Amino acid sequence: MIEEGWFSGDDVYEPTDPDDPALFIWQTHYRPEIEAYDLLREVFRDRVQFPFGAYIPELGFELAEHPFTPRHATAKLNDEVRLPYFAAEVARRTSSIVIVPSLAHGEIMR
């Protein structure tokens, strides 16, 4: 959304000063991959049975949260052939996330 211009200037807060205590909190919770993980974990909440993630074999989709600080979480599609099925399942579950079945990097989730 930031890259598409929805937010800019003062709307975008990204601390960079290593002495700013807010930097640690921001790095821990608000990186794009953490946001994506949290969104997808919520979409598939009924399939998450473990505190640190889930594997959905029919979609080849894996969510994993590793017990590190700062927070480290991943959302991985194991086989790009399953991307259309994954996109259809996400669309069935929510309209707030759109998956574009494209092999070009940067065009998969918006």
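So, surface first: the protein chain exposes about 7900 Å², and carbon and sulfur atoms supply 56% of that. Those accessible areas are Shrake-Rupley with a 1.4 Å probe, and for residues only the protein chains shown count as cover. Before I go on, this is a predicted model, with local features needing pLDDT of at least 70 and side-chain atom pairs counting only at pLDDT 80 or more, while totals for chains, interfaces and linings use all residues. Numbering runs from 1 along each chain as its sequence is written, and side-chain values use heavy atoms, with hydrogens and water left out.

How much of the chain is buried? Of the 110 residues, 29% are, where buried means under 20% relative accessible area, exposed over 50%, and partly exposed in between, with a 1.4 Å probe and protein chains only.

On to the layout. We've got 3 helices and 3 strands, in the order α-α-β-β-β-α from the N terminus. These are DSSP runs numbered from the N terminus: H or I of at least four residues for helices, E of at least two for strands.

The strands make an open sheet, β1-β2-β3, with antiparallel pairing. At the edges sit β1 (53-56) and β3, each pairing on one side only. Pairing here requires at least two DSSP bridges between two strands. Between β2 and β3 there are 6 bridges, and one to look at is E62, whose bridge partner in β3 is K76.

Which of its residues are buried?

Last stop, T94, in the segment after α3. Why does T94 count as buried? Because its relative accessibility is 18%. The T94 side chain also makes a polar contact of 2.8 Å with the side chain of S96. By polar contact I mean a pair of N or O atoms within 3.5 Å; within protein, one must be able to donate a hydrogen and the other to accept it, and residues adjacent in sequence count only if both atoms are side-chain atoms.
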